[in-house]
Amino acid sequence: MSRSTALRLLARLPLPVVRVPRVLGVDDFALKRRHRYATVLIDAETGERIDVLPSRGADALERWLREHPGVEIVCRDGSGAYGEAVRRSLPAVVQVSDRRHLWKNLCEKTPAEVRSHSACRATSNTPRPAGVHEQTTRERRHQIHGLLGKGVGLLECARRMNLSLNTVKRYARTREPEALRRAPRYRPTLVDPYRDHLRKRRAADPAVPVKQLFREVQEQGCTGSFNLLCRYITQGRAEGDRPVTTPRWLARLLLTHPDHLRDKDTSLLAKLTTACPGMTQLASFIREFAQLLTPAAGNDNKLTARMRQPEMPRGGA
């Protein structure tokens, strides 16, 4: 048959009767990203698709719920629009969130929490000679706190030092100079695989020429340039006890199942999380939360009890 005949026969088929599930799953998806979105409704217990709404606003979902009574539980994401639609149409319905969205929310918040402990990660690495930027930072902090100690206001401090008001506020909030220190963010280089060799050679002979080291790593297969090796040694990366880790990579290590980590990543994670009590507490919280989201008998009651506990203090304070 022709294509037109097939479409005409399909159009004659009666539409299936919409079944109202006990647990309704609600989520949005993109028909055309950043332009058009729709809402899919599924049976959260069986995974069967129930209906598709042409938009992701609250009005469309509210209209569907009023036309199809019988839903007892709505499983949705953190969208306020969906929550408002359920409250307006079915006030007695219980609203819950699924494991995927709970874990997704934790994954989005973890990098910011890790970033707030960057000063601890900086001190956990081998100390480096203070550079020009770090010396300037310490001098500014000393000057600002000196002016504040004399009763000078924040706005006047900003005017005298020719700095923005937000910069002065950031220095004023910092009570310890170490809190202004940030862990350096180095990208992986071609010299990284030969770091152990460089460290051993420089420990055995501190006066070994860089050209000699360059020839040795070239013989081992290094394809990096001489200038790259000079910067690597000048930055102190050859003597570091461990490679410097960015907040994104550390958050990824925290959120990965321990059984899926390599031995060196496990060792690195243990050293960095013990750098301060806040990171230790964050790692413990993530492990506990992951266990609660794993389907097991009694986890529902444990999760409810955990939600009633006070929130973890921001920044490990």
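This is a predicted model: local features need pLDDT of at least 70, side-chain atom pairs count only at pLDDT 80 or more; totals for chains, interfaces and linings use all residues.
Let me start with the strands: S1 and strand S2, which covers residues 36-43, pair in the antiparallel sense over eight bridges, where pairing means that DSSP finds at least two bridges between two strands. Residues are numbered from 1 along each chain as its sequence is written, and side-chain values use heavy atoms, with hydrogens and water left out.

Now to the chain as a whole. It has 15 helices and five strands, and for these I use DSSP runs numbered from the N terminus, helices being H or I of at least four residues and strands being E of at least two. Buried residues make up 34% of the 317 residues in the chain; by buried I mean under 20% relative accessible area, by exposed over 50%, and by partly exposed anything in between, with a 1.4 Å probe and protein chains only. Among contacts between residues at least 6 apart in sequence, 53% join residues at least 24 apart, a contact being heavy atoms within 4.5 Å.

Which residues touch the most other members of the largest nonpolar core? Of its 20 residues, these are Val114, Leu250, Leu254, Leu269, Met279, Leu282 and Ile286. At least two residues of this core come from each of helix H4 (99-115), helix H12 (247-255), helix H13 (263-273) and helix H14 (277-293), and H14 gives the largest share, seven residues. A nonpolar core here is a set of buried Ala, Val, Leu, Ile, Met, Phe, Trp, Tyr and Cys residues joined through side-chain atoms within 4.5 Å. If we leave out residues up to four places away in sequence, Met279 touches Val114, His117, Leu250, Leu254, Leu272 and Thr273. As background, nonpolar side chains in soluble globular proteins tend to be buried together.

At the surface, Leu7, Leu10 and Leu13 form a nonpolar patch with about 330 Å² of accessible area together. Such patches are made of residues with over 30% relative accessible area and no salt bridge, with like charges joined within 9 Å and nonpolar side chains (Val, Leu, Ile, Met, Phe, Trp, Tyr) within 5 Å, and the areas come from the Shrake-Rupley method with a 1.4 Å probe, only the protein chains shown counting as cover for residues. Leu10 lies in helix H1, residues 3-12, and is exposed, at a relative accessible area of 55%.

Finally, the charged side chains. A search of the whole structure finds 15 salt bridges, each being a side-chain nitrogen of Lys or Arg within 4 Å of a carboxyl oxygen of Asp or Glu. Arg66 forms one with Glu62, their closest N and O atoms being 3.0 Å apart, and both residues lie in helix H2 (residues 58-67), four residues apart, about one turn of the helix. Glu62 counts as buried, at 13% relative accessibility. Arg88 also meets Glu62 in a salt bridge, at 2.7 Å from N to O; because Arg88 lies in helix H3 (residues 80-89) and Glu62 in helix H2, the pair ties together parts that are 26 residues apart in sequence. Arg88 itself is partly exposed, with a relative accessible area of 35%.

In another salt bridge, the closest N and O atoms of Arg201 and Glu216 are 2.9 Å apart. This pair links distant parts of the chain, with Arg201 in helix H9 (residues 195-204) and Glu216 in helix H10 (residues 210-219), 15 residues apart. Arg201 is partly exposed at 22% relative accessible area, whereas Glu216 is buried at 12%. Returning to Glu62, salt bridges that share partners join Asp59, Glu62, Arg66 and Arg88 into one network.
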